[in-house]
Amino acid sequence: MPRDASTDKPLVELVNVTKIYPPDIIALEDVSLRIYKGEILFLTGMSGAGKTTLIKLICCLENPTRGVIEVAGRDLSRISPAGVQRMRQKIGVAYQEFRLLEKQTVLQNIAMAMEVTYASTKAIHARVDELLALLNLSDKRDKLAGELSRGEQQRVALARAAANGPSLLLADEPTGNLDPVATELVINLFRHLNEKNGSTIVVATHDPSIYAETEHRVMMLSNGQLSAHPNRAPRQIDLFEA
Amino acid sequence: MQFLAYILRQTGKNLRQTWGTQVMTLLTVTLSVLIFAFFFLIYTNMIRASQRLGDDVRLIVYLDQEVTEQMRPGIEKKIREFGPVEKIVFVSRAEAFSRLSAQLDKEKDVLADLGPDFLPPSIEVYPLKNLHDLTKISQFSDFLLSLPHAAKVQSGSDWLRRFGYFTNLLRVVVLLSGGLLIITMTFIISYTLRLTVLSRQGELEILRLLGATSAYIRLPLLLEGMMQGFLGSSLGLTALYFLYQYIASRFSGPGFLRLFDFAFFPVELTGAILLAGVVLCTAGSLFSIRRFIRI
């Protein structure tokens with residue numbers, strides 16, 4: 001169910017964020033956004049609208065040209081490199097380009113995310129098996145990632161992002177290569193993480209099928225500017241005055 | 001515990017991924033340590049030998065006339081006034097003849113036609129053991145030559161001087177090979193780690209994205225350098241030990257090595273060389289890590 005934005009504290013807060021890539025490509029312009037704990041937020045928009053940039057800014061892969069970004073109450077521009085690494089352990093990111101190690105197995109790829117937190121081997125194996133079952137990839141556990149189809153690789157990337165039961169999961173075009181059945185599995189995974197772990201989930205997508213029926217907030221990015229999705233009810237909009 | 005297990009596992013993974021380079025690195029480190037330790041071993045033995053020779057220094061003043069019992073205290077006083085000596089021994093012609101006769105043992109017949117007067121009388125001066133300075137020995141020698149009836153002074157200082165030159169030359173070789181060791185070890189380890197980092201570039205990038213800490217990424221690489229240093233130094237020293245055993249067994253007996261009491265490094269020095277190898281390789285790793293890994 002959607003969260004009550006008026007009472008919850010935001011987990012992520014962007015205040016007048018602008019991102020300009022050299023020489024003068026404006027990816028995001030004066031974007032302000034609050035994402036609340038336990039919320040599922042869909043970010044929609046055409047390719048090049050700024051969805052990926054927004055995700056990269058939240059996970060510290062990029063720095064804003066202007067504006068402030070806070071995650072769990074901490075200003076990202078003031079976090080030390082070690083602090084960024086600790087924060088990344090709690091944020092799961094499923095990249096659009098997957099970023100898997102093709103010469104390693106599915107198990108090894110997913111396990112990496114937990115290994116950096118020094119989880120026990122037993123816990124890693126149990127979690128990997130659970131996630132693979134949820135994504136219908138159990139039989140691919142020991143296959144090399146490079147031998148999988150694009151759709152399977154995408155699900156492995158999602159499993160890796162979800163491995164640590166992150167407090168924030170950022171998924172960039174998570175269903176771009178999936179058929180409807182696999183898309184349903186991914187949506188179920190998001191629901192599972194959200195309900196079981198209380199994870200906040202941000203899904204950047206241009207696939208209307210995954211947010212068409214949702215009760216959750218849907219925002220639209222267009223030419224670097226954030227607005228409410230035209231087809232969504234006004235109560236779900238949380239653009240605020242800085 | 002879990003942390004250590006991960007670090008070790010990652011180190012193992014690094015070693016497996018670049019095993020060919022790792023073997024070459026290990027060989028280079030081993031050879032570097034072997035070359036340095038070989039010269040250092042010779043040097044330390046030479047130093048000990050020169051100390052022993054210094055301890056055995058005695059100055060023999062050959063006289064053209066016997067020293068009577070009455071003259072002895074005066075001469076002894078004069079010598080002791082110049083510098084402290086351990087002992088002074090007056091050797092008469094007869095005593096010198098008797099000594100030579102004893103030394104020749106079964107061959108003493110050759111002295112049969114020579115009278116006991118053919119050897120000159122002498123004074124043997126034994127300086128204190130701390131008198132290792134060749135200049136001082138030389139000054140002492142000049143002084144002794146000025147004694148009444150002194151015909152010649154034999155000090156062995158020329159031989160000691162030449163030995164000193166050789167030891168100095170060896171010191172230079174040791175320093176050069178030490179420098180070579182430092183350059184080789186740090187450079188080769190740095191180069192190997194660079195290859196490791198390049199071969200794992202993609203993985204390190206993903207680890208960074210997943211929140212791997214600096215320790216998680218860097219410690220295995222540091223450990224890799226330490227292991228190379230430890231293994232390379234151990235192998236180098238082991239090879240040197242076998243070489244030493246071979247030389248010692250082949251040249252044992254009343255020859256050069258017996259004279260110099262050729263010995264291997266004491267345990268402390270062996271440990272110090274091993275430690276130096278580990279420290280140098282670790283430094284090479286650190287250099288590479290700081291240069292090529294940005295977290």
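1. Basis. The model is predicted: local features need pLDDT of at least 70, side-chain atom pairs pLDDT 80 or more, while totals for chains, interfaces and linings use all residues. Residues are numbered from 1 along each chain as written, chains are lettered from A in written order, and side-chain values use heavy atoms, without hydrogens and water.

2. Aromatic pairs. Rings of Phe, Tyr and Trp (its six-membered ring) pair with centres within 6.5 Å; planes under 30 degrees apart are stacked, over 60 edge-to-face, the rest tilted. A:Tyr118 and B:Tyr6 are tilted, because their planes stand at 55°, with centres 5.9 Å apart. This pair crosses between chains, from a loop of chain A to helix H1 of chain B. B:Tyr6 is buried at 1% relative accessibility (buried is under 20%, exposed over 50%, partly exposed in between; 1.4 Å probe, protein chains only).

3. B:Tyr241 and B:Phe242 pair edge-to-face, at 6.2 Å and 65°. B:Tyr241 is partly exposed at 34%; B:Phe242 is exposed at 56%. Both belong to one aromatic cluster, which also includes B:Phe36 and B:Phe40.

4. Charge over ring. The test is NZ of Lys or CZ of Arg within 6 Å of the ring centre and within 35 degrees of the ring normal. A:Arg99 sits over A:Tyr95 at 4.8 Å. B:Lys87 sits over B:Tyr126 at 4.7 Å.

5. Domains. Chain B splits into domain 1 (2-53 + 161-292) and domain 2 (58-155), with bounds from an automatic or database assignment. Their C-alpha centres are 52 Å apart.

Note on methods: Helix = DSSP H or I, 4+ residues; strand = E, 2+ residues; numbered from the N terminus.
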